[in-house]
Amino acid sequence: EHSPSEEASGDFGYFGLLPDEVVQIIVSYLDVESVCKAAQTCSLLFRHCYDTSLYTEVDFQPYWNTIDDCALSGMQSRCSRIEKLSLSWTGGCRQITPSAFTGFIQHCGATLVCLRLACCDYVDAQGIEAIAESCKKLEELDLQSCS
């Protein structure tokens, strides 16, 4: 026989006992990589980790060597409310293609205010065009050392 606390928490352990707001606050303290890993643990954390409010400011620069087309594609649904994005130094060795970058900007650029793309060799003429067409709220753009 299960105790009331075990029944209330379901398969989510102690997280199932917490109000959604508290779980959301806990998840908000995680870095991007940890949020992505936490989303894989259970449906409760999956739901919280895919909340678009977590992705208003995203800095991929610390993960420069792991960000690729697949990662950008996987982040699109989460970044619909993104305001600040840094992809600086990402995409080395052609890990990010110009078409993947352009698609990401077209999908997520409408709310961007700040976009940092320093040293990103995948930013081409089509990428610049996508930024101009999709990022109407953009106030800050860093294209330093782009090819």
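The model is predicted, so local features need pLDDT of at least 70 and side-chain atom pairs count only at pLDDT 80 or more, while totals for chains, interfaces and linings use all residues. Residues are numbered from 1 along each chain as its sequence is written, and side-chain values use heavy atoms, with hydrogens and water left out.

**Helix α2**

Select residues 20-28, which make up helix α2; helices are DSSP runs of H or I with at least four residues, strands are runs of E with at least two, and both are numbered from the N terminus. Colour V23, Q24 and V27, the buried residues of α2 (buried is under 20% relative accessible area, exposed over 50%, partly exposed in between, with a 1.4 Å probe and protein chains only). Viewed down the axis of α2, these buried residues fall within an arc of 100°, so they line one face of the helix; the arc is that of the directions from the helix axis to the C-beta atoms.

Next select F15, L18, V22 and I26, a nonpolar surface patch with about 270 Å² of accessible area together. Patches consist of residues with over 30% relative accessible area and no salt bridge, with like charges joined within 9 Å and nonpolar side chains (Val, Leu, Ile, Met, Phe, Trp, Tyr) within 5 Å. Areas come from the Shrake-Rupley method with a 1.4 Å probe, and for residues only the protein chains shown count as cover. I26 is partly exposed, at 35% relative accessibility.

**Salt bridges**

The count is four salt bridges, each a side-chain nitrogen of Lys or Arg within 4 Å of a carboxyl oxygen of Asp or Glu.

- D20 and R47: the closest N and O atoms are 3.5 Å apart. D20 is in α2 and R47 in α4, so the pair ties together parts 27 residues apart in sequence.
- E33 and K37: the N to O distance is 3.6 Å. Both residues lie in α3, four residues apart, about one turn of the helix.
- R116 and E140: the N to O distance is 3.2 Å. R116 is in strand β3 (residues 114-116) and E140 in strand β4 (residues 140-142), so the pair ties together parts 24 residues apart in sequence.

**Cysteines**

There are zero disulfides (a pair of cysteine sulfur atoms within 2.5 Å). Select C79: its nearest cysteine sulfur, that of C108, is 5.2 Å away. C79 is buried, at 0% relative accessible area. Finish at C146, where the nearest cysteine sulfur, that of C120, is 5.4 Å away. C146 is partly exposed, at 21% relative accessibility.
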